[in-house]
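User: Please take a close look at a single part of this model, and describe in one connected account how that part sits among its surroundings.

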Amino acid sequence: MPIEPAQLKAFILDAGLLPPEKLKKAEDETKKSGKTLREVLLNKEYVAEDELIRLEAYILGIPFVDLTKETIPPSILNVIPEPIARKHNIIAYKKEGGKLEVAMLDPSDLQTIEFIRKKEGIKIVPRIASPDSIKHALKQYQKTLEAEFGELIKKDAKDLVITKGGEDEKEGIEAEELKKLAEDLPIIRIVDTLIRHAILQNASDIHIEPAEKEVVVRYRIDGILHDAMTLPKQIAPGLVARIKVMANLKLDEHRLPQDGRFKVETDEYKISFRVSVLPVFDGEKIVMRLLTEGNKGFTFEELGFVSSNLEKIQRAIRRPTGIILATGPTGSGKTTTLYTILEILNTPAVNISTVEDPIEYRIPRINQTQVRPDIGLSFANGLRTLLRQDPNIIMVGEIRDNETAGLAINAALTGHLVLSTLHPNSAAGALPRLLDMKVEPFLIASTVTAIISQRLVRRLCSETEPYRLSKSDLEGISKEIDLERVQAKLLEEKAIDAKTPLEKIEWARPKKSEKCPDGYRGRIGIHEVLEMSESIKGLVVKNATSDEIEKRAKEEGMLTMLEEGFVRAAQKVTSIEEIMRVTRE
């Protein structure tokens, strides 16, 4: 884009994106390297690319658009053919009257604009977008091919002829024959299609479930399972064989569970798949967990922590020793929270080591060890070895047994900061759980500094349906939560005005639309953070119950998950129905 370096420099200083001394440093680098000021700013990560593009759009007087959360109707998207969109990084996203709004990386590409104007006979209005926006929109071209892929699956399934080598279908097909099946083009196409659609729909898991007469494929999207496809039963052996080959599993083992991994990498994404194969009555069920690699780290605010909880976590992670625990059911985001803490603590001044099962995300400069129980590398053995590796900070994927719990406590007592997870449903429930693992109460009181309990709730889309709670609604909710306390917490978090009674608060329900079929898109965490005060330590030493500990923590100002959920609902981030669904699980 034709912006003079002097002009860019002036606007950067004026916008306060960079202090003068850092900008001077960048200018000196341009003279040494021969690179442009823009290239140096991005290479050195002095300015975020998104911020720089917004500033350039302002300088050029062209509006900036963010398409990263937009679903573009296929009729508009396909105005520009996919090959042209990919080659010239241009996306048609809005059509009004006689105007077509297009998002571009380079709005000075007049040749492409003129080509589309002549082709469509419509006025083209260019807008500037970030590379992430264009990449997200380009993925949507593939979404429009879903019907075509459906036909492909039906056609290819008919072409498959699978012979049985015996009465038992699962054991009748020899390993050599299964290998040929896995390399069969129709099977490869079908598996690739299932994987591609899961990625495009931001699914976290793919379930392939054999039934008596068919194979059901389901995707878990935003924590909810949705039926995706129903496939003919005869392709089940080939489907399983193909995934086993990709995950490097034994093809001829049908009686025992197996676990494996594989990666899918393109210019647009890099995703690791964790594969679990389980024998069931009608064959072998496969679940694949999708783990996006190379993701930018989250901040606590992006994870959904409110200010009061944020302060408690910051105090806990600033301490050089102690134990920080994350609790909640499987899939509640515990590992992501711990990885976020590790990212914050990850500096050249400390040595961080982890022992995990499995390693979900790779983090540079952190030493991550995968548990291998089959060869004797358990959490306990791994943790014992880590302590001889001169660590400052240790993460143990999960405290599963008495031995691991004891070792984690000893690590904290000997001057380490330990992060780990447990499975109780509340923060207060973690303390009695440690007592059940035969850890002495006085050791828990002297080492545990904070406990984070969490769930993931679905975010409402931008279009919502406003409503107010009736008296009967409030009476029903009051049976599960103290409404006076909720109102006080809403005021504390500035979610409502001091004069607003609960019956006058405007809440939001999901509104289904073409862009947002369920009315929800994406997820955010709701949390409770229990800080170990002196009075709570006293209760732990006295072997108090989780109810007694929670009561004391609430008296000391702890915001429970349900209460934080109501704060998020008042902010129209999620709905009350979603909060109640998740906290009852």
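Analyst: In this predicted model, Ile451 is in contact, leaving aside its neighbours within four places in sequence, with Leu325, Thr327, Ala427, Ala430, Leu431, Glu528, Val529 and Leu530. Ile451 also belongs to the largest nonpolar core, a set of 39 residues, where it is listed among those with the most contacts inside the core, together with Leu325, Leu431, Val448, Leu530, Ile536 and Ile549. The largest share of this core, six residues, is supplied by helix H18, which spans residues 402-413. Apart from it there is a second, separate core of 33 residues, including Ala198 and Val264.

S15 and S18 pair in the antiparallel sense over 10 bridges, and Arg458 stands opposite Arg523 in S18.

A disulfide joins Cys461 to Cys516, with an S to S distance of 1.6 Å. The two cysteines are 55 residues apart, Cys461 lying in the loop between strand S15 (448-460) and strand S16 (464-467), and Cys516 in the loop between strand S17 (507-510) and strand S18 (520-531). Cys461 is buried, its relative accessible area being 11%, and Cys516 is likewise buried, at 3%.

Methods:
Residues are numbered from 1 along each chain as its sequence is written. This is a predicted model: local features need pLDDT of at least 70, side-chain atom pairs count only at pLDDT 80 or more; totals for chains, interfaces and linings use all residues. Side-chain values use heavy atoms; hydrogens and water are left out. A disulfide is a pair of cysteine sulfur atoms within 2.5 Å. Helices (H or I, at least four residues) and strands (E, at least two) are DSSP runs, numbered from the N terminus. Buried means under 20% relative accessible area, exposed over 50%, partly exposed in between (1.4 Å probe, protein chains only). A nonpolar core is a set of buried Ala, Val, Leu, Ile, Met, Phe, Trp, Tyr and Cys residues joined through side-chain atoms within 4.5 Å. Contact means heavy atoms within 4.5 Å. Two strands pair if DSSP finds at least two bridges between them.
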